[in-house]
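Thanks for coming, everyone. Let me put the sequence and the model up on the screen, and then we can walk through a few places together.

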Amino acid sequence: MKIVVIGGTGLIGSKLVSKLGEHGHEAVAASPNTGVNTLTGEGLADALTGADVVIDVSNSPSFEDAAVMDFFTTSTRNLLAAEAAAGVGHHVALSVVGTDRLQASGYFRAKSAQEELIENSPVPYSIVHATQFFEFVKSMADAATDGDTVHFAPVLFQPIASDEVARAVGRVAVGAPLNATVEVAGPEPVRMDEFFRDALAGRNDPRQVVTDPHAAYFGAELGERTLLPGDGAALGEIRYRDWPGRDGTAK
């Protein structure tokens, strides 16, 4: 199959292009770096010519409320219209576990708007909700930093290696459209504050993790199970303690 990966030069996209290519598919990396811009529509028609599947793993360069809403709605409208014109048979999008429970956050309101556009489009679709990636440990800690302390709530989450996210998205992409949402998560739930306390220590990061029940995630306060997947989620096998990048060598 010809599979176009929007955001195909990023963390997940580049892994997808590689994995799909290894399985004999024609995997095309589409991003502004390769001349495809979903915000302006530049290069979209050419990239989608003959495509069977489009996978959207792109992300907004800005997380400011108005900017992120504009990115996801404009990009998704342009993409779905181009797919319908090209006769693409399957649209696959990567989103986040708990999106519907995080609507106090502008970022997750934008992700919900993206998903609604996909669900209401005539293009058959599958949406994959993933939990937080191991690779985001540093950026999550940086976002939660105040001086030399890092604030995390004592809530559960179930982080996953990006390799396993890419594998799950790829499996969905080569299958029949689900016209539904599925979830993928790490192998076990862990308490966020305790996880980051151990993770930063393992990186020799001197910042102190403070347990803060009101610590926000993308601007939203968290309940104990807000970030956890449901019972039917596909689970990865790699635990953080066994992940090669846990010492900070993977960004």
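Predicted model: local features only at pLDDT ≥ 70, side-chain atom pairs only at ≥ 80, totals over all residues.

Start with helix α3, residues 65-86. α3 has 22 residues. From its first C-alpha to its last, α3 reaches 32 Å. That is close to the 32 Å expected at 1.5 Å a residue.

Now find its partner, helix α4, residues 106-119. The two axes come within 8 Å and cross at roughly 15°. Angles under 35 degrees count as roughly parallel, so α3 is roughly parallel to α4. The crossing is right-handed.

Which residues of α3 meet α4? On the α3 side they are D65, V68, M69, F72, T73, T76, R77 and L80. On the α4 side they are G106, Y107, R109, A110, K111, A113, Q114, L117 and I118. Sort the residues of this contact by type, and you get nine nonpolar, four polar and four charged.

Stay on α3 for a moment. Its buried residues are V68, F71, F72, T73, S75, T76, L79, L80, A82 and E83. What covers them? The cover includes α4, and also α2 at 44-48. Strands take part too: β1 at 2-6, β3 at 53-56 and β4 at 90-96 are included.

Next, helix α6, residues 162-173. How many residues of α6 are buried? Nine of its twelve, so α6 is mostly covered. The buried ones are S162, E164, V165, A166, A168, V169, G170, V172 and A173. Twelve residues at 1.5 Å each should span 16 Å, and the end C-alpha atoms of α6 are 16 Å apart, which agrees.

Look at what lies over those buried residues. The cover includes helix α1, at 11-22. It also includes the strands β3, β4, β5 at 125-130 and β9 at 181-185.

Let's zoom in on α1 and α6. Their axes are 9 Å apart, and the packing angle is about 55°. α1 and α6 are therefore oblique to each other. This crossing is right-handed. From α1, the contact uses L11, I12, K15, L16, K19 and L20. From α6, it uses S162, D163, V165, A166, R167, V169 and G170. The residues of this contact divide into seven nonpolar, two polar and four charged.

First, a bit of background. Most residues other than glycine have a negative phi. Keep that in mind for two asparagines.

N179 is found in the loop between α6 and β9. N179 is not a glycine, yet its phi is positive, about 50°. Is N179 exposed, partly exposed or buried? Its relative accessibility is 45%, so N179 counts as partly exposed.

The other one is N204. Look in the loop between α7, at 192-202, and β11. N204 has a positive phi of about 55°, again without being a glycine. N204 is exposed, with a relative accessible area of 72%.

Now G89. You'll find G89 in the loop between α3 and β4. At 35% relative accessibility, G89 counts as partly exposed. Which residues does G89 touch, leaving out those up to four places away in sequence? They are D52, P124 and P177. G89 and P122 are 33 residues apart along the chain, and their C-alpha atoms are separated by 9.8 Å.

Two last stops. H214 lies in the loop between β11, at 208-211, and β12, at 216-217. Its relative accessibility is 57%, so H214 counts as exposed. Compare its position with A168, one of the buried residues of α6. H214 and A168 are 46 residues apart in sequence, and their C-alpha atoms are 33 Å apart in space.

Finally, D242. D242 lies in the segment after β14, which is at 234-235. D242 is exposed, with a relative accessible area of 52%. D242 and P177 are 65 residues apart in sequence, and 33 Å apart C-alpha to C-alpha.

That's the tour. Questions, please.

Technical notes
Residues numbered from 1 in each chain as written. Heavy atoms only, no water. Axes fitted to C-alpha atoms, helices over the stretch in contact; angles between N-to-C directions. Helix = DSSP H or I, 4+ residues; strand = E, 2+ residues; numbered from the N terminus. Parallel < 35°, antiparallel > 145°, perpendicular 65-115°, else oblique. Left-handed = near helix turned anticlockwise from the far one by under 90°. Contact = heavy atoms within 4.5 Å. Nonpolar A, V, L, I, M, F, W, Y, C, P; charged D, E, K, R; others polar. Expected span 1.5 Å × (residues − 1). Buried < 20%, exposed > 50% of the residue type's maximum accessible area, 1.4 Å probe, protein only.
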